[in-house]
Amino acid sequence: MTDRGWMEPIVERVVTQVLENHAGQLRTEIVRRVMEEIASRPATEAAPAGATSADLARAVTEIQLGTSQKEILKALLDGCAKYAARVALFVVRGGNATGLQGRGFKANDAVKDFALDVKAPAVVRAIGDRTFVSAPAADLDARFVQDFGAPATGEGRFLPLVLKDKVAALVYADAGTDGDGQLDAGSLELLVLSTSAWLEVSTLRKQTAHKEPTAERSESRPVASAEPAPAFNDPFAAHAPGHAMAAAATAEVAHPAPVMTVAAEPEPAAEEVVPVVQTVVAEPEPSAAPAASPEDQDVHRNAQRFARLLVDEVKLYNQAKVAEGRKHKDLYDRLKEAIEKSRSTYHKRYGNTVAASGAYFQHELVRSLAEDDVSIMGANFRH
């Protein structure tokens, strides 16, 4: 049989290039699809007062904007905290479930390293069935309830974060202990599912980049065998506390779990992609200021991408206004509220960084919204 090993490096390189080139467009597409799912959600489902579908889509966007697994998980907790009074993230590893971070508790730091009872009925169901579980206080971890207080509504929720068909973490959420808190189950589920998908895609992309052939491996040179793929990168492994490490090592010999790691320091920034089946036109990645340090260049690139994503959102949610504004050359007046809200979001993140001098959000408004014709923005547009 003809040796086809020489084909593998070619395929790997092409796949890597396609993923890199389509990252921005694919990210916009996943936001669009999330919006469609939100629109189809029954109106009877509870939602926080004042919350809108755009707010939920923005929370999903924040998860996607994470440039490391650590940032993605932080965005997940921050997003969930908008839809539940109390939220905690527990790492599931080697038969243990250990607290990583909490939001909304009187002592959030006490959640860290809290050993959740994996034999509690609600935890058993969430991990064993890999499903979202709503349970009465009696089915929760008794010590957790004792230490942090029982939910006033009488129920708490566990939402499994599944990677490679295994539960890698549990998100706990409730409406708080005073009875005035909120709990929007549908939004929480969407955020956890989005995070699961994004972490898997992020890892897949890094694996693909890792396997890209080097210059020494010529396309015309046969390859006898492929290098083994790197292990699935676990964003939680480095967190495993001392009391759980021995049990984890023993359990994983018999039942290997996906290897996941949250590094102590943020990982290098990387653009994640979601493999949506859609034909897209590649757009070149922006380049950073040539004289800047590598760290500053990363900030510039991330600021440009964030500006692009924010403006894409404005276009996505206001398509009719965009069309009318371009036609009548008063685009800014029609979209002023959406533009200024996004501008504020951009400046909160990058207004005090080296990227501030780039005015990337302003440039993106003209480039993308006005199609490089500033007159389309109208007389009231500041530029």
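**Entry 1: a salt-bridge network**

I started with K74, D78 and R103, which are linked in a network of salt bridges. I took a salt bridge as a side-chain nitrogen of Lys or Arg within 4 Å of a carboxyl oxygen of Asp or Glu. This is a predicted model: local features need pLDDT of at least 70, side-chain atom pairs count only at pLDDT 80 or more, and totals for chains, interfaces and linings use all residues. Residues are numbered from 1 along each chain as its sequence is written, and side-chain values use heavy atoms, with hydrogens and water left out.

I looked up the K74 to D78 link. Their closest N and O atoms are 2.8 Å apart. Both sit in helix α4 (residues 69-80), four residues apart, so about one helical turn separates them. Helices here are DSSP runs of H or I with at least four residues, strands are runs of E with at least two, and both are numbered from the N terminus. An α-helix has 3.6 residues a turn, so residues three or four places apart point the same way.

I then checked exposure. I used relative accessible area: buried is under 20%, exposed is over 50%, and partly exposed is in between (1.4 Å probe, protein chains only). K74 is partly exposed at 45%. D78 is partly exposed too, at 28%.

**Entry 2: other salt bridges**

I noted a count of 12 salt bridges by this rule. D174 and R86 form one of them, at 2.7 Å from N to O. D174 belongs to strand β6 (residues 166-174) and R86 to strand β1 (residues 86-93), so this pair ties together parts 88 residues apart in sequence. Are these two residues buried or exposed? D174 is buried at 0% relative accessible area. R86 is buried as well, at 4%.

I also found R334 paired with D330, again by a salt bridge, with 2.7 Å from N to O. R334 is partly exposed at 31% relative accessibility.

**Entry 3: E155**

I moved to E155, which lies in strand β5 (residues 155-163). Its relative accessible area is 26%, so E155 counts as partly exposed. I listed its contacts, meaning heavy atoms within 4.5 Å. Leaving out residues up to four places away in sequence, E155 touches S134, A135, P136, D174 and L183. The C-alpha atoms of E155 and A135 lie 5.4 Å apart, while the two residues are 20 apart in sequence. D174, from the salt bridge with R86, is one of the residues that E155 touches.

**Entry 4: helices α11 and α12**

I looked at how α11 (residues 331-350) and α12 (residues 360-369) pack. Their axes come within 11 Å and cross at roughly 145°. Axes are lines fitted to C-alpha atoms, for helices over the stretch in contact, with angles from 0 to 180 degrees between N-to-C directions. The crossing is right-handed. By the rule I used, right-handed means that the near helix is turned clockwise from the far one by less than a right angle, and left-handed means anticlockwise.

Which residues meet? From α11 I noted L331, L335, I339, S342, R343 and Y346; from α12, Y360, F361, Q362, L365 and L369. These contact residues divide into eight nonpolar, two polar and one charged. For the classes, Ala, Val, Leu, Ile, Met, Phe, Trp, Tyr, Cys and Pro are nonpolar, Asp, Glu, Lys and Arg are charged, and the others, Gly among them, are polar.

How many of the residues of α12 are buried? Eight of its 10 are, so I call this helix mostly covered under the burial cut-off. The buried set is Y360, F361, Q362, E364, L365, V366, S368 and L369. Those residues pack against α9 (294-317), α10 (319-328) and α11.

**Entry 5: positive phi**

I checked backbone angles next. D113 has a phi near 70°, positive in a residue other than glycine. D113 lies in the loop between β2 (96-103) and β3 (115-116) and is partly exposed at 37%. R130 is not a glycine either, and its phi is about 50°. R130 lies in the loop between α5 (121-129) and β4 (133-136). Its relative accessible area of 42% makes R130 partly exposed.

**Entry 6: confidence**

The protein averages 74, and 63% of the residues score at least 70. Over residues 42-47 the pLDDT is below 50, and this stretch has four contacts in the model beyond near neighbours in sequence. Residues 261-289 are also below 50, with 82 such contacts.

Terms used. pLDDT is the predictor's confidence in each residue, from 0 to 100.
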